[in-house]
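Dear colleague,

Please find the structure below for your records. I would be grateful if you could read the notes that follow with the structure open beside them.

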Amino acid sequence: MNEKIQKTLEENVNPILADHFGGAKLVSFEDKVATVRLTGACATCPSARFTLENVVKEIVMEHCEGVEDVILDMSASDELLDMAKELMEKKE
(Lines give C-alpha, C1' and ligand atoms only; values in the text may rest on other atoms or scores of the structure.)
Protein backbone atom coordinates (compact mmCIF):
# COMPACT_ATOMS: atom_id res chain seq x y z
CA MET A 1 0.00 0.00 0.00
CA ASN A 2 2.90 2.37 0.72
CA GLU A 3 3.98 2.21 -2.92
CA LYS A 4 0.45 2.94 -4.18
CA ILE A 5 0.06 5.94 -1.88
CA GLN A 6 3.49 7.35 -2.80
CA LYS A 7 2.76 6.83 -6.50
CA THR A 8 -0.57 8.64 -6.09
CA LEU A 9 1.21 11.53 -4.38
CA GLU A 10 3.84 11.72 -7.11
CA GLU A 11 1.46 11.44 -10.06
CA ASN A 12 -1.71 13.18 -8.85
CA VAL A 13 -0.87 15.45 -5.91
CA ASN A 14 2.63 16.77 -6.54
CA PRO A 15 1.84 18.27 -9.96
CA ILE A 16 -0.84 20.39 -8.26
CA LEU A 17 1.41 21.37 -5.35
CA ALA A 18 4.30 22.10 -7.71
CA ASP A 19 2.36 25.14 -8.90
CA HIS A 20 2.95 26.49 -5.39
CA PHE A 21 6.60 25.30 -5.24
CA GLY A 22 5.75 22.39 -2.95
CA GLY A 23 5.03 18.72 -2.82
CA ALA A 24 3.98 15.85 -0.57
CA LYS A 25 5.57 12.62 0.48
CA LEU A 26 4.40 9.65 2.49
CA VAL A 27 5.88 9.34 5.96
CA SER A 28 4.01 6.21 7.06
CA PHE A 29 0.89 4.11 6.58
CA GLU A 30 -0.40 2.39 9.71
CA ASP A 31 -3.87 1.26 10.78
CA LYS A 32 -5.36 2.52 7.50
CA VAL A 33 -4.05 6.06 8.16
CA ALA A 34 -1.55 7.68 5.80
CA THR A 35 0.74 10.25 7.37
CA VAL A 36 1.98 12.78 4.82
CA ARG A 37 4.59 15.53 5.03
CA LEU A 38 4.29 18.58 2.82
CA THR A 39 7.56 19.73 1.29
CA GLY A 40 8.95 22.89 -0.26
CA ALA A 41 6.91 26.05 0.15
CA CYS A 42 3.88 23.98 1.18
CA ALA A 43 5.69 22.81 4.32
CA THR A 44 5.68 26.27 5.87
CA CYS A 45 2.46 27.59 4.38
CA PRO A 46 -0.18 28.77 6.85
CA SER A 47 -2.78 26.99 4.71
CA ALA A 48 -1.05 23.59 4.93
CA ARG A 49 -3.94 21.99 6.80
CA PHE A 50 -6.41 23.18 4.16
CA THR A 51 -4.14 21.84 1.42
CA LEU A 52 -4.06 18.50 3.17
CA GLU A 53 -7.83 18.33 3.61
CA ASN A 54 -8.89 19.78 0.24
CA VAL A 55 -6.22 18.36 -2.05
CA VAL A 56 -4.05 15.61 -0.61
CA LYS A 57 -6.60 13.70 1.44
CA GLU A 58 -9.28 13.87 -1.23
CA ILE A 59 -6.99 12.57 -3.98
CA VAL A 60 -5.32 9.84 -1.89
CA MET A 61 -8.62 8.47 -0.62
CA GLU A 62 -10.06 8.52 -4.14
CA HIS A 63 -7.14 6.56 -5.62
CA CYS A 64 -6.14 4.28 -2.72
CA GLU A 65 -8.85 1.95 -1.50
CA GLY A 66 -8.16 1.00 2.10
CA VAL A 67 -6.96 4.41 3.23
CA GLU A 68 -9.44 5.68 5.81
CA ASP A 69 -7.69 8.91 6.75
CA VAL A 70 -4.77 11.12 5.76
CA ILE A 71 -3.05 13.22 8.41
CA LEU A 72 -0.36 15.86 8.26
CA ASP A 73 3.09 15.27 9.75
CA MET A 74 4.20 18.64 11.08
CA SER A 75 7.61 17.50 12.33
CA ALA A 76 10.73 19.00 10.84
CA SER A 77 12.03 17.14 7.79
CA ASP A 78 15.54 15.73 7.64
CA GLU A 79 16.32 18.23 4.87
CA LEU A 80 15.27 21.14 7.08
CA LEU A 81 17.32 19.83 9.99
CA ASP A 82 20.37 19.42 7.74
CA MET A 83 19.96 22.98 6.48
CA ALA A 84 19.71 24.29 10.04
CA LYS A 85 22.87 22.39 11.03
CA GLU A 86 24.74 23.89 8.08
CA LEU A 87 23.65 27.39 9.06
CA MET A 88 24.70 26.85 12.66
CA GLU A 89 28.12 25.55 11.58
CA LYS A 90 28.70 28.64 9.41
CA LYS A 91 28.07 30.91 12.41
CA GLU A 92 30.78 29.26 14.47
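Predicted model: local features only at pLDDT ≥ 70, side-chain atom pairs only at ≥ 80, totals over all residues.

Residues are numbered from 1 along each chain as its sequence is written, and side-chain values use heavy atoms, with hydrogens and water left out.

The sheet

Helices (H or I, at least four residues) and strands (E, at least two) are DSSP runs, numbered from the N terminus. Two strands count as paired if DSSP finds at least two bridges between them. The open sheet has 3 strands in the order β1-β2-β3, with mixed pairing. Strands β1 and β3 (69-72) are at the edges and have a single partner strand each, so one side of each lacks a neighbour in the sheet. From one strand to the next, the twist averages 30°; axes are lines fitted to C-alpha atoms, for helices over the stretch in contact, and angles run from 0 to 180 degrees between N-to-C directions.

Strands β1 (residues 22-30) and β2 (residues 33-40) run antiparallel and are joined by 8 bridges. Gly-22, for example, has Gly-40 in β2 as its bridge partner. The two strands form a hairpin with 2 residues between them, and Asp-31 in the turn has a positive phi of about 50°. By contrast, β2 and β3 run parallel, joined by 4 bridges. Here Ala-34 has Val-70 in β3 as its bridge partner.

The helices

Helix α1 (residues 2-18) lies across β1 and β2 and runs at about 160° to β1. Helix α2 (residues 48-63) lies across β2 and β3, at about 150° to β3. Thr-51 belongs to helix α2. Is Thr-51 buried or exposed? Thr-51 is buried, because its relative accessible area is 18% (buried means under 20%, exposed over 50%, partly exposed in between, with a 1.4 Å probe and protein chains only). Not counting residues up to four places away in sequence, Thr-51 touches Leu-17, Leu-38 and Val-56, where contact means heavy atoms within 4.5 Å.

Helix α3

Leu-87 lies in helix α3 (residues 78-91). With a relative accessibility of 49%, Leu-87 counts as partly exposed.

Yours sincerely
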